[in-house]
Amino acid sequence: KMSVPDYMQCAEDHQTLLVVVQPIGIVPEESFFRIYKRISAVSQVNVRDSQRVLYIRYRHHYPPENNEWGDFQTHRKVVGLITITDCSSAKDWPQTFEKFHLHKELYGATLYDSRLFVFGLQGEIADQPRTDVAFYPSYDECETVEKRIEDFIESLFIVLESKRLDRATDKSGDKIPLLCVPFEKKDFVGLDTDSRHYKKRCQGRMRKHVGDLCLQAGMLQDSLVHYHMAVELLRSVNDFLWLGAALEGLCSASVIYHYPGGTGGKVGSRRTQGGSLSAEAGNRHRPGAQEVLIDPGALTSNGINADTSAEIGRAKNCLSPEDIIDKYKEAISYYGKYKNAGVIELEACVKAVRVLAIQKRSMEASEFLQNAVYINLRQLSEEEKIQRYSILSELYERIGFHRKSAFFKRIAAMQCAAPSIPEPGWRACYKLLLETLPGYSLSLDPKDFSKGTHRGWAAVQMRLLHELVYASRRMGNPALCVRHLSFLLQTMLDFLSDQEKKDVTQSLESYTAKCPGTMEYITLPDGLKLPPVPFTKLPIVRSVKLLNLPTSLRPHKVKSLLGQNVSTKSPFIYSPIIAHSRGEERSKKIDFQWVQGDVCEVQLMVYNPMPFELRVENMGLLTTGVEFESLPAALSLPAESGLYPVTLVGVPQTTGQITVNGYHTSVFGVFSDCLLDNLPGVKTNGCTVEVIPALPRVQISTSLPRSAHTLQPSSGDEISTNVSVQLYNGETQQLIIKLENIGTEPLEKLEVTAKTVNTKGVYADYAS
């Protein structure tokens, strides 16, 4: 039974030769992968004097049990082995070479050729010419690695071509061997090998095998012919497992023809149709691949230097894009009959999905994926489960099923921290959870939730945010916990029950006791930045109103000595265009003024949406334009208070235009800067006011007692005080009027006048 599925498989992998590159002994990981990268760059091979192209697939790890299925599908067979080792002294060389031979035995039955790259050994041993061993002084001095790989691939091609010719030739009189998969061998013991049914089975399987070899050798047309013949033979004897393999081979060859750009990459830029069968292979290039020219002249047998069936049966043998999917379905149904073929069935589903993604047939692709989910494999390790769910997520994303993709990625994230894992990978879990956010219409920027209606399922989003908080805590990052809990409280407040509101705020307070919430961005290790989350809903502000100074502190315009106001006339210009917007409403200038050094007030109408008393600490104003000393306030709002007036005060220290942009608070240990531009539905009378220089303050008092009644109403720009005295006709009373500058600014000029007011026929004369 094949135990390890390759979730990255795609249809075009059927035409590749599998080469395993592995270290022997202790090799520094960085050095190994540096050489591995150079080796794997030589992945595309043009056969000289032919239009054939070979493709090499490199792996640094491959389970030997999967290699046993190499006769069933030849792209699963390890045909090349490259080993890399460190050897610094000649006395270690015999042992190193022995290890190389032992390593070859792992894949020995299928290997066409092998190579050993030795780094660090110099001297007499290194100077001896060898075919299978290459010596290099160091990992930095190995310029000929690529050339050695080219020679190695040429030797693989020669063996491949000889096997293809040997098995494709009809040797009359010779018995065709029966190719088997590992679990079948015991079933064929004692069968009549001379029966017609048995011979057809042998012929069909061999035809399918030769089709695989032709596809690997760059002979696409020949492979199509052989696959068709194999399908007919195997169908006639109900050899369903191998019939499924022949159908899948037919699909792979047809996919390679229709989609020369491949199916394994990103969707959208890959599909290219047209071109003849003989020319298509030469048009398919993999980015970054190095090309190697191989001269097949070393072989003298007929049919090597040219495709013998260049255009034979092209239209007949190559499946249409629609037929490809039908044949995949049929092949998968045959695989499903065998419990030991679960990996083959799963990989076929994945290949079909990649083809359907290019064809933009999402619903059919989802059916294949749904089938893949329920394929029962052996007991998988946690790491294999993570890989499986991650690939399912990637494939669902590719076909546009974003929420389904997020679902499987979230399962993969939870698997990273499964109880059975000795050291749970909470960082990997957190990273995968972050990747699920777009699929659930969730971002970590609170601005995305401040406008319009809520998108997505709030219950699922809250669950995901709680999981982010838990993963952050297990990573030992309280600042992340505070940020995610703040985001949950701010954006999901309308969907939280009363009990959930209490639970979340209690958790938040416990975290902020160790790490207060701030307005700073949090940068994650992968470079992602989490924006701050201001609590604009704790409390909710409905209106902002700048208040005029108290009557006794309001500035008054200076009158001229002639008693007339300074002219404020300006030209009148009519415009029929009236522009009005929320921003202009806030920036419009208010018709009163504030005074430098005097306490100024702004009134907010707020309410508490929480089912318990809300304590707001350090609440003050945010301003621009003028140096401003905000005097913070602390308030306690009753549960679900309704509209509640709050007055915030401050002192402008300089003069000019001052704009109130918002307010700052501290709630549950989280500091917030709440800007009015981010508050929807806030009413305001304007937020910009002029601050004029500090003025002298004049206080008037008299020697007479105050009057209980106002004798004459004062005008809007006058300050008045009323005193009363009772006099008889002709009586004289001394009145002292005291003017005092109680401000900090000097009074430079004072004008005093007196006038008589006639009231009810009573006349009074004043002498001063």
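Me: What percentage of the 768 residues of the chain count as buried?

Reply: This is a predicted model. Of its 768 residues, 46% count as buried. The accessible surface of the chain is about 39,800 Å². Carbon and sulfur atoms account for 51% of that surface.

Me: How many helices and strands are in the chain?

Reply: The chain has 20 helices and 22 strands. Now look at sequence separation. Take the contacts between residues at least 6 apart in sequence: 75% of them join residues at least 24 apart.

Me: How many of the residues of α18 are buried?

Reply: Buried means under 20% relative accessible area. In α18, 12 of the 14 residues are buried, so the helix is largely enclosed by the rest of the structure. The buried residues include Arg 483, His 484 and Gln 490, along with Leu 485, Phe 487 and Leu 489.

Me: What covers the buried residues of α18?

Reply: The cover includes helices α16 (426-436), α17 (458-474) and α19 (498-512). It also includes strands β8 (522-523), β9 (529-530) and β18 (670-675).

Me: Which residues have the most contacts inside the largest nonpolar core?

Reply: They are Tyr 430, Leu 489, Leu 538, Trp 594, Leu 604 and Phe 668. This core has 81 residues. It draws at least three residues from each of domain 2 (441-530) and domain 3 (540-554 + 589-692). A second, separate core has 66 residues, including Ile 256, Ala 365, Ala 372 and Phe 408.

Me: How do I read aromatic pairs, and how many does the structure hold?

Reply: A pair of aromatic rings is described by the distance of the centres and the angle of the planes. The structure holds 22 aromatic pairs. Take Phe 32 and Phe 33: the centres are 5.0 Å apart and the planes are at 80°, so the pair is edge-to-face.

Me: Is Phe 32 buried or exposed?

Reply: Phe 32 counts as buried, at 5% relative accessibility. Phe 33 is partly exposed, at 33%.

Me: Which residues do ring pairs link into a cluster?

Reply: Trp 69, Phe 72, Phe 183, Trp 242, Tyr 335 and Tyr 338.

Notes: Residues numbered from 1 in each chain as written. Predicted model: local features only at pLDDT ≥ 70, side-chain atom pairs only at ≥ 80, totals over all residues. Heavy atoms only, no water. Buried < 20%, exposed > 50% of the residue type's maximum accessible area, 1.4 Å probe, protein only. Helix = DSSP H or I, 4+ residues; strand = E, 2+ residues; numbered from the N terminus. Contact = heavy atoms within 4.5 Å. Areas by Shrake-Rupley, 256 points an atom, 1.4 Å probe, with all protein chains shown as cover. Core = buried A, V, L, I, M, F, W, Y, C linked by side-chain atoms within 4.5 Å. Domains from an automatic or database assignment. Phe/Tyr/Trp six-rings, centres within 6.5 Å; stacked < 30°, edge-to-face > 60°.
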